[in-house]
Amino acid sequence: MSIPQISELTVGDIVAERTIELSRDSLVRYAGASGDFNPIHYRDDVAESVGLPGVLAHGMLTMGLAVQPVVDWAGDPGRVEDYQVRFTRPVVVDPQDGATVSIAAKIGQIDAEAQTVRVDLTVSFAEQTVLGKAQVRVRLAESL
Amino acid sequence: MGREKVREFSRAVFAQSPLNHDPEAAVAAGYADVVAPPTFAVVVQEHALAELLALPDTGIDFSRVVHGDQRFSFTRPIVAGDLLTATLTVTSVKTLGAHSMVTAESRIVDASGDHVVTAISTLVVRGDE
């Protein structure tokens, strides 16, 4: 698998973009896979009773899917050295229409000596960003 | 960490890399088995956090907990077959008005005791409005 060449990258380059359609099924699947069975992620009545605008996607689901375009760009999940996000807005998943989450990954910083780049993610739902300071440090050296 | 758990989690986070799903592709890339997506460490951390929240003297009401931020710092990725141990440390507790912010750090090591990943979570515990 070819590795992106650090010498060919410039700060500001968009290296990956993706749109993901979430449905209630996606939330149930993530609940089972992660073990997070908080009912605000699948029961409308519970979400409403605690004052939420609807059933929400798990923050960790949004974090988990948002890094995938970067993993595919880098060619190996093992190239991710560090990944952080702040959860700023919820993703409300409609029972019928679901929710569309869009991801854009941009080069934020290049460290040629360490052979790493910082990729900044813009993750949006309903035209507002849902993650703040979403940064992935990726190792682009030939050998891991 | 079972292989099917890694694959199930990979599907759940829309991971498409063959290294997450196909043991042959993972071996060809130099791994012992399928590689977990970066946020898979949350499955390990979740157990440690659940223990913390279940302690009677923390006084934390789970229904009032909101995830504030999350970070993973890796020495290497988690691979199916890993036997992992997490040690959770509460590194900071701050009060902001009625709310509390608890930062917990889970240091995750493998069977040899070597560092794999550290997961850092800040939980916001909402107080009475």
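This is a predicted model: local features need pLDDT of at least 70, side-chain atom pairs count only at pLDDT 80 or more; totals for chains, interfaces and linings use all residues.
Colleague: Which residues of α1(A) are buried?

Modeller: The general idea comes first. An α-helix has 3.6 residues a turn, so residues three or four places apart point the same way. In this case the buried residues are Arg24(A), Ser26(A), Leu27(A), Tyr30(A), Ala31(A), Ala33(A) and Ser34(A).

Colleague: What covers the buried residues of α1(A)?

Modeller: Elements of both chains do. The cover includes β1, α2 (44–49) and α3 from chain A, and α1 (3–12) and α4 (41–54) from chain B.

Colleague: That leads to the interface. How many residues of each chain are in contact?

Modeller: Chain A has 34 residues in contact with 31 residues of chain B. The area buried between the two chains is about 2700 Å², and carbon and sulfur atoms give 59% of that area. Of what chain A buries against chain B, 19% is supplied by Ala33(A), Met60(A) and Pro77(A), more than by any other three residues. Ala33(A) is also among the buried residues of α1(A).

Colleague: How many salt bridges and polar contacts does the rule find across the interface?

Modeller: For salt bridges, the count is 1. A side-chain nitrogen of Lys or Arg has to lie within 4 Å of a carboxyl oxygen of Asp or Glu. Here Arg71(B) and Asp82(A) meet at 3.0 Å, N to O. The rule also finds 9 residue pairs in polar contact across the interface.

Colleague: Which elements of chain A supply the side that touches chain B?

Modeller: At least two residues each come from β1 (14–22), α1 (24–34), α3 (59–66), α4 (68–74) and β2 (80–87) of chain A. β2(A) gives the most, with 8 residues. Sorted by class, this side of chain A has 16 nonpolar, 9 polar and 9 charged residues.

Colleague: In which sense do β2(A) and β1(B) pair, parallel or antiparallel?

Modeller: To read a strand pair, look at the sense and then at the bridge partners. β2(A) and β1(B), residues 65–74 of chain B, are antiparallel, with 5 bridges. Val85(A) stands opposite Gln70(B), and Gln84(A) has Arg71(B) as its bridge partner. Arg71(B) also forms the salt bridge with Asp82(A).

Colleague: Which strand of chain B do 9 bridges join to β1(B)?

Modeller: That strand is β4(B), residues 115–125, and the two run antiparallel. In this pair, Val65(B) stands opposite Val125(B).

Definitions and conventions. Residues are numbered from 1 along each chain as its sequence is written. Chains are lettered from A and ligands numbered from 1 in the order in which they are written. Side-chain values use heavy atoms; hydrogens and water are left out. Contact means heavy atoms within 4.5 Å. Buried area is the accessible area (1.4 Å probe) that two parts lose on being put together, summed over both. A polar contact is a pair of N or O atoms within 3.5 Å; within protein, one must be able to donate a hydrogen and the other to accept it, and residues adjacent in sequence count only if both atoms are side-chain atoms. Helices (H or I, at least four residues) and strands (E, at least two) are DSSP runs, numbered from the N terminus. Ala, Val, Leu, Ile, Met, Phe, Trp, Tyr, Cys and Pro count as nonpolar, Asp, Glu, Lys and Arg as charged, and the others, Gly among them, as polar. Two strands pair if DSSP finds at least two bridges between them. Buried means under 20% relative accessible area, exposed over 50%, partly exposed in between (1.4 Å probe, protein chains only).
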